[in-house]
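Q: Please take one part of this model and go through it slowly. I would like to know what holds the part in place in the chain and what lies around it.

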Amino acid sequence: MARIVIVEDQLDIASVVQDYLRAAGYETTHFADGQGALEHIVESPPDLTLLDIGLPRLDGIEVLRGAREHTDHPVIMVTARIEEVDRLLGLELGADDYVCKPFSPRELVARVGAVLRRFSPNDARTRTGQDLPGLVLDGVYWRASLDGTALNLTRREFSLLQVLSRHPGRIYSRARLLELTFSAGADVTDRAIDSHVKNLRRKLGVVTPTHEWIRSVYGAGFAWEPPLGPSPNFLPIRLPTSARRA
Ligand code: CA
């Protein structure tokens, strides 16, 4: 049973979230202030933390900063304002997903499930590095293939794919993607990222037309989304027996 820490000072919200997560089979612990939550997380990191940003004593950003010095467990940030997401992305806090209030508890449970699946050690899709399901990246020759089909990417598309796929679900702003995929001082605009994303989507879409690998996050940027379940076009990763996890 996955253990989830809920950090939320609005008790009505906390109680609804707690009810839904428990009904979905999770074990939950609730904290109404940042300081208490941080102490608990550092002492015994849960499987996932749902972290509100506006909190008494220590805000969510400080809690995440403090927690990241000790643990890399998945964290979903909860914010009351969509505009805040951009600022948060700029801080590069290492959150794994963002949820905006008001949210539907059902959707929240789905997001929690998706993030936990990505981090589950028994799941081949969550292997760290860039070898995601069916996707093979060769950083030496800048070549990529999906389900055995070569993608014929440009260097820019390749680096975009490399950056995004390294942290599934993590939202990258256009500015951050520019910084990570173009050399410093290059004369490019945010629009360049949109056009590379568009081309990359098209090339991935030829192989898996039913799955959108790159999610647009309104007002924030883009995130890499591996399929949650097998899609008609999706072939499970084929590893040589020796490379399989015990
Ligand atoms: Ca709050």
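Predicted model: local features only at pLDDT ≥ 70, side-chain atom pairs only at ≥ 80, totals over all residues.

A: Residues are numbered from 1 along each chain as its sequence is written, and side-chain values use heavy atoms, with hydrogens and water left out.

The calcium ion is coordinated by Asp9 (OD), Asp52 (OD) and Gly54 (O), at 2.2 to 2.3 Å. A donor here is an N, O or S atom within 2.8 Å of the metal, or within 3.2 Å for Na, K and Ca; water is not among the atoms, so a site may look incomplete. Along the chain, the donors follow the spacing D-x42-D-x1-G. Helices (H or I, at least four residues) and strands (E, at least two) are DSSP runs, numbered from the N terminus.

Buried means under 20% relative accessible area, exposed means over 50%, and partly exposed is in between, with a 1.4 Å probe and protein chains only. Asp9 counts as partly exposed because its relative accessibility is 32%. Gly54 is partly exposed too, with a relative accessible area of 46%. Asp52, at 4%, counts as buried.

Asp52 forms a salt bridge with Lys101, and the closest N and O atoms are 3.2 Å apart. Asp52 lies in strand 3 and Lys101 in the loop between strand 5 (97–100) and helix 5 (105–119), so this pair ties together parts that are 49 residues apart in sequence. Lys101 is buried, at 15% relative accessible area. A salt bridge is a side-chain nitrogen of Lys or Arg within 4 Å of a carboxyl oxygen of Asp or Glu. The search of the whole structure finds 13 of them.

Strand 3, which carries Asp52, is mostly covered: 5 of its 5 residues are buried. Both faces are covered, with Leu48, Leu50 and Asp52 on one side and Thr49 and Leu51 on the other. Strand 3 is joined to strand 1 by 4 bridges, and the two run parallel. In this pairing, Val7 has Leu51 as its bridge partner in strand 3. Strand 3 is also joined to strand 4 by 4 bridges, again running parallel, and Leu50 stands opposite Ile76 in strand 4. Two strands pair if DSSP finds at least two bridges between them.

Thr79 lies in strand 4 (residues 75–79) and is buried, with a relative accessible area of 1%. Leaving out residues up to four places away in sequence, Thr79 touches Ile53, Glu84, Val85, Val99, Cys100 and Lys101. Contact means heavy atoms within 4.5 Å. Lys101, the salt-bridge partner of Asp52, is therefore among the residues that Thr79 touches, and it is buried at 15%.

Asp97 is buried at 5%, and Arg111 counts as buried at 18%. Asp97 and Arg111 belong to a network of salt bridges with Glu107, Arg215 and Glu225.

For the setting, the protein chain has 8 helices and 10 strands. Buried residues make up 48% of its 246 residues. Of the contacts in the chain with a separation of 6 or more, 58% are between residues 24 or more positions apart.
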